[in-house]
Amino acid sequence: AECVSGCVCPEGLFDDGRGGCVKEEDCPCFHNNEWYNHGRSIAVDCNTCTCQKGVWSCTETACHGTCMIYGSGHYITFDGKFYDFDGSCEYVATQDYCGDKNSVGSFSIITENVPCGTTGVTCSKAIKMFLGNIELKLENKDYKEIPRDVGGDVYYWNKTVGLYLVIEASNGVMLIWDKKTTVFIKLTPDYKGKVCGLCGNFDDKSNNDFTTRSGLQETSALTFGNSWKQSSMCPDVTEEVKPCDLKPHRKSWAEKECSLILGDVFKICHSKVNPTPFYDACVHDACSCDSGGDCDCFCSAVAAYAQECTKAEACVFWRTPDIC
């Protein structure tokens, strides 16, 4: 209705969001707090997105799913849901035996959680991987094969990559273990919507990941987690453990150490992967590991964030002679 002082682009040109004016075909695109010029490509998971006249155009390949279990009971499901669950028992991490009792499947991965520290939080101590007619048990930095008299033939290969032991099976299941408390489970897209357990159902929706063994959808991580225990002899988890409240003298040390995640070292990653849940998990673990191994717990928590940064193409060199 009235004139307002300011700048406008000349007729036929568009504001590019960076203080300049461009033709429509040169409009940039925006992703993770960064501008990309027309024609630039970025990787998003296993797909490539190209900026075309201000709009992203992406390939639509079905990607592998990754579930991550690390530190003192932290889970990131195949569909990207974060939650904490501190149960002291064996639990189904993921399997394709879902639905009725007689459903057919080819694999099951069980995580055995044991207390780490005196506050009641738990860490994954051993992993059992059932592949057809064999069982692999991973613990004490090594693994052993145990034959079973049920199931068909599933072949697997193992290799060591850096700190990690990698087991890859012919049925499209891969397990990556740091020989301590971090495990990654990777599945091919064929398993989308066909798995169940603490890692969720891999259907690209995170809001239904808390599906219990009996197929009900839960809102509580405790009820959901308890439903996936392997033995009815284990007690249910009834409350969330808050180790920093139980060990207040460790809290300031934990916050100081973990501030590395929020600091300049990881700055290039902050816009790509939200650091807050990883920082909270780090503080939780640094408070809880109070019976030795506190540096291990801290380092695993930072490594978990670094791993997600690498996946988002933000490589961070954070290990130093003083840190981990």
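Leaving aside its neighbours within four places in sequence, which residues is valine 195 in contact with?

Modeller: Happy to, and please keep in mind that this is a predicted model. Valine 195 sits in the loop between β19 (183-187) and α1 (221-227). Once neighbours within four places in sequence are set aside, valine 195 is in contact with Phe78, Thr94, Gln95, Asp96, Cys98, Phe107, Leu187, Gly200, Asn201 and Phe202. Valine 195 has a relative accessibility of 3%, so it counts as buried, the cut-off being under 20%. For a sense of distance, glutamate 34 is 161 residues away from valine 195 in sequence and 36 Å away in space, C-alpha to C-alpha.

Two of those contacts lead us on to the core. Leu187, a contact of valine 195, is among the residues with the most contacts inside the largest nonpolar core, along with Ile109, Leu131, Leu175 and Ile185. That core has 43 residues, and strand β13 (residues 122-131) gives the most to it, with 4 residues. Phe107, another contact of valine 195, is also touched by leucine 131, whose other contacts beyond four places in sequence are Ser106, Leu136, Val154, Tyr156, Ala169 and Asn171. A second, separate core has 34 residues, including Tyr70, Cys287, Ala301 and Ala303.

Tyr70 brings us to the aromatic rings. Ring pairs link Tyr70 with Phe82, Phe266, Phe278 and Tyr305 in a cluster. Within it, the rings of phenylalanine 278 and tyrosine 305 have centres 5.1 Å apart and planes at 45°, so this pair is tilted. The pair links distant parts of the chain, as phenylalanine 278 lies in helix α5 and tyrosine 305 in helix α6, 27 residues apart. Phenylalanine 278 is buried at 0% relative accessible area, and tyrosine 305 is buried at 0% relative accessibility too. In total the structure holds 15 aromatic pairs. Phenylalanine 30 and tryptophan 35 form one that is tilted, with 4.9 Å centre to centre and 55° between the planes. Here phenylalanine 30 is partly exposed at 44% relative accessibility, and tryptophan 35 is partly exposed at 34%.

Finally, the largest pocket holds about 920 Å³ of space. Its lining has 34 residues, and the closest to the pocket centre are Val44, Asp45, Glu308, Lys311 and Ala312. Helices α5 (276-288) and α6 (294-311) each give two or more residues to this lining, as do β5 (41-44) and β8 (65-70). By class, the lining has 16 nonpolar, 9 polar and 9 charged residues.

Technical notes. Residues are numbered from 1 along each chain as its sequence is written. This is a predicted model: local features need pLDDT of at least 70, side-chain atom pairs count only at pLDDT 80 or more; totals for chains, interfaces and linings use all residues. Side-chain values use heavy atoms; hydrogens and water are left out. On a 1 Å grid over the protein atoms alone, a cavity is a set of points where a 1.4 Å probe fits but cannot get out, and a pocket is an open set with protein on both sides within 12 Å along at least five of seven lines; lining residues have an atom within 4 Å of a point. Grid points are joined across faces, edges and corners, and a volume is the space filled by probe spheres set on the points. Ala, Val, Leu, Ile, Met, Phe, Trp, Tyr, Cys and Pro count as nonpolar, Asp, Glu, Lys and Arg as charged, and the others, Gly among them, as polar. A nonpolar core is a set of buried Ala, Val, Leu, Ile, Met, Phe, Trp, Tyr and Cys residues joined through side-chain atoms within 4.5 Å. Buried means under 20% relative accessible area, exposed over 50%, partly exposed in between (1.4 Å probe, protein chains only). Contact means heavy atoms within 4.5 Å. Rings of Phe, Tyr and Trp (its six-membered ring) pair if their centres lie within 6.5 Å; planes under 30 degrees apart count as stacked, over 60 as edge-to-face and the rest as tilted.
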